[in-house]
Amino acid sequence: MARDVVTSADGFSAALSGILEHAMRNVSSEMESAIKESCKVGRRAARSNSRSATGTGDGTPPWRQGRTLEPGQRYPKGFSYKVVRESQTSVEGHIGNRDKPGLVHLLEKGHALSGGGRVQGYPHLAKAADKTFEDFEGRVHGAVQRGLEA
């Protein structure tokens with residue numbers, strides 16, 4: 001429940017700062033775990049959006065149709081995440097492909113062919129990013145609500 005603070009008009013700014021600092025301490029402790037869990041969701045989505053094709057055409061991305069890929073393909077398995085705490089109030093999460101980092105951009109945006117022409121991009125990581133951001137917003141909203149109630 002929210003706590004009641006009684007103050008004069010002159011002490012309003014100090015009282016508000018105290019309430020916000022209290023909430024910030026409570027929220028910052030949960031922020032790193034929220035980022036970590038959201039990065040797990042994003043990594044899972046990136047892996048599922050770039051699954052190995054069998055050549056059957058079932059749910060296969062357009063750029064993989066008709067191709068048989070070797071078992072244990074490294075591209076989907078290479079997606080990983082890293083949580084970096086730069087300061088007490090700054091935490092970042094990074095999702096990328098550790099095995100083939102340059103391939104993500106080429107597949108996402110498309111690329112030119114050596115004999116002329118272009119390969120159309122397949123935005124598989126953008127879908128995962130949208131899902132990650134949505135999950136993170138929900139987790140942060142819950143953390144802020146719990147921080148204000150504490």
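In which helix is Thr132 found? The points below answer this and describe the surroundings.

1. Basis of the note. This is a predicted model, in which local features need pLDDT of at least 70, side-chain atom pairs count only at pLDDT 80 or more, and totals for chains, interfaces and linings use all residues. Residues are numbered from 1 along each chain as its sequence is written, and side-chain values use heavy atoms, with hydrogens and water left out.

2. Overall fold. The protein has four helices and four strands, where helices (H or I, at least four residues) and strands (E, at least two) are DSSP runs numbered from the N terminus. Their order from the N terminus is α-α-β-β-α-β-β-α.

3. Thr132. This residue belongs to helix 4, residues 124-149. Thr132 counts as buried because its relative accessibility is 9%; buried means under 20% relative accessible area, exposed over 50%, and partly exposed in between (1.4 Å probe, protein chains only). Leaving aside residues up to four places away in sequence, Thr132 touches Ser38, Val41, Gly42 and Ile95, a contact being heavy atoms within 4.5 Å.

4. Nonpolar cores. A nonpolar core is a set of buried Ala, Val, Leu, Ile, Met, Phe, Trp, Tyr and Cys residues joined through side-chain atoms within 4.5 Å. The largest comprises seven residues: Ala45, Ala46, Tyr75, Phe79, Val104, Leu107 and Ala128. Helix 1 (12-49) and helix 3 (101-109) each contribute at least two residues to this core. A second, separate core has six residues, among them Val27, Ile35, Cys39 and Val140.

5. Phe12. Phe12 lies in helix 1 and counts as exposed because its relative accessibility is 51%.
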